[in-house]
Amino acid sequence: MMNSFTMKKAPRTGSKRSLTILAVAVLSTLALVSDTVQAAPLPMPAMTGPLQSPSPFQFNAGPLGKLDITGVMSGMGLWQDNPVNTVSPDPVAFNGYTHADISNGQIFIQKTHGLIQFFLQAGAYNMPALGTPFLSTGATTAGYYGPLPQAYLKIAPAKNFSVLIGKLPTLIGAEYTFTFENVNIERGLLWNQENAVERGVQVNYSAGPLSASLQWSDGFYSNRFNWLSGSLSYTINSANTVSFVGMGNAGQTGYSTLATPVYQNNSDIYNLIYTYSSGPWMIQPYLQYTQVTANPAIGVGRGTATKGAALLASYSLTPHVTLAARAEYIASTGNTTDGAANLLAYGQGSKAWSITVTPTYQDHDFFARAEFSYVQASSYTQGDVFGPQGNNPTQARALIETGFLF
């Protein structure tokens with residue numbers, strides 16, 4: 001994802017007034033449906049926890065049938081040391097020590113029954129990630145997936161078979177895209193090597209404890225439909241699941257945007273993910289391997305790979321309070337003289353580890369959480385890490401996020 005400290009082009013960004021209008025639209029829509037019947041919780045947006053989405057507002061939309069509406073409104077504050085001095089000023093990347101912004105102003109509308117179903121996600125969002133420059137919410141929304149980040153049609157002729165068409169969430173990785181969906185506010189170092197949203201077609205099938213998905217898409221939102229993805233999951237029992245996920249570019253894409261980093265968009269990515277969830281515990285270790293083959297046309301003189309491992313865990317201390325943590329390590333191959341790609345953004349052959357701790361409080365629709373994260377790079381190239389000159393190998397951050405799920 002956001003894996004470069006050099007932002008070459010500023011995306012068009014909406015003003016703060018536009019974000020306010022989005023927020024008002026979300027609240028106004030909810031007001032219109034506030035007297036409708038509440039239904040059971042929905043599968044989308046997907047949420048690892050500890051945050052729990054309330055029951056949706058359900059209303060009759062005439063020929064469309066019954067629709068469900070949920071939403072999230074939240075803001076966040078950030079402190080960081082060793083801010084990165086990017087070549088372009090904010091709103092492309094934030095270079096200071098403190099910042100406050102909207103983290104989510106989103107509404108979700110979906111139909112979850114019948115042959116023809118759909119999911120729409122609209123609004124403003126932020127995707128803070130460890131070890132990368134912090135982007136304003138306006139820059140994130142405009143530069144990545146726009147004000148409609150996910151929207152797809154679902155054809156479901158059977159309970160165990162469906163086809164999705166549109167802007168889809170990725171199959172890869174153990175972390176979801178948006179802050180409220182995950183145990184931590186920020187996404188991790190391994191997530192920076194993975195895509196998040198893609199345009200394409202996905203087929204899902206399940207049989208007993210096995211479930212599989214196959215996807216043809218544009219990968220890192222490149223608008224070039226040359227990516228093939230697949231996932232296979234086995235549910236051992238109610239508490240244990242193991243998954244293998246793989247994806248790769250079957251062709252070549254030679255350009256780069258904020259949402260389409262050229263090296264990652266020409267890579268192969270593999271995950272092995274184990275999930276344990278029972279009682280107050282959620283434990284999720286996973287492995288990641290990525291590789292970019294030698295391709296002088298995109299500036300890769302030698303094939304380059306990354307190997308990473310992460311452990312995510314959360315424990316519910318009380319019905320309202322949860323403590324979550326994430327630990328990661330990732331290493332890349334190559335050096336500055338052999339033509340390898342700079343996949344971690346800290347220099348060819350660089351390595352990094354991180355630790356993140358996130359306590360969360362939720363009472364009905366209201367939630368508040370804090371976070372402390374620390375990143376340490378090694379085998380880095382001077383000028384490619386943190387601080388105004390890019391020579392400091394560490395960065396610490398503290399965040400708070402609070403808001404409402406409805």
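**Close-up views of a predicted model**

**View 1. Glutamate 175 and arginine 187 meet through their side chains in a salt bridge, with 3.1 Å from N to O.** A salt bridge here is a side-chain nitrogen of Lys or Arg within 4 Å of a carboxyl oxygen of Asp or Glu. Both partners sit in the loop between strand S7 (161–169) and strand S8 (197–207), so the pair ties together parts that are 12 residues apart in sequence. Strands (E, at least two residues) are DSSP runs, numbered from the N terminus. Glutamate 175 is buried, at 5% relative accessible area, and arginine 187 is buried too, at 1%. Buried means under 20% relative accessible area, exposed over 50%, and partly exposed in between (1.4 Å probe, protein chains only).

As a reading note, this is a predicted model, where local features need pLDDT of at least 70 and side-chain atom pairs count only at pLDDT 80 or more, while totals for chains, interfaces and linings use all residues. Residues are numbered from 1 along each chain as its sequence is written, and side-chain values use heavy atoms, with hydrogens and water left out.

**View 2. Arginine 369 forms a salt bridge with glutamate 401, the closest N and O atoms being 3.1 Å apart.** This pair links distant parts of the chain, with arginine 369 in strand S17 (residues 366–378) and glutamate 401 in strand S18 (residues 394–405), 32 residues apart. Arginine 369 and glutamate 401 are both buried.

**View 3. Arginine 326 and glutamate 328 also join their side chains in a salt bridge, at 3.7 Å from N to O.** Both of these residues are buried.

**View 4. A nonpolar surface patch of about 720 Å² is made by Trp281, Tyr315, Leu317, Leu323, Tyr329, Trp353, Ile355 and Val357.** Strand S15 (321–332) and strand S16 (351–363) are the elements that give it two or more residues, and S16 supplies the largest share, 3 residues. Patches are made of residues with over 30% relative accessible area and no salt bridge: like charges are joined within 9 Å, nonpolar side chains (Val, Leu, Ile, Met, Phe, Trp, Tyr) within 5 Å. Accessible areas come from the Shrake-Rupley method with a 1.4 Å probe; for residues, only the protein chains shown count as cover. Tyrosine 315 lies in strand S14 (residues 304–316).

**View 5. The chain averages a pLDDT of 89, and 87% of the residues score at least 70.** Over residues 2–38 the pLDDT is below 50. pLDDT is the predictor's confidence in each residue, from 0 to 100.

Key:
Helix = DSSP H or I, 4+ residues; strand = E, 2+ residues; numbered from the N terminus. Contact = heavy atoms within 4.5 Å.
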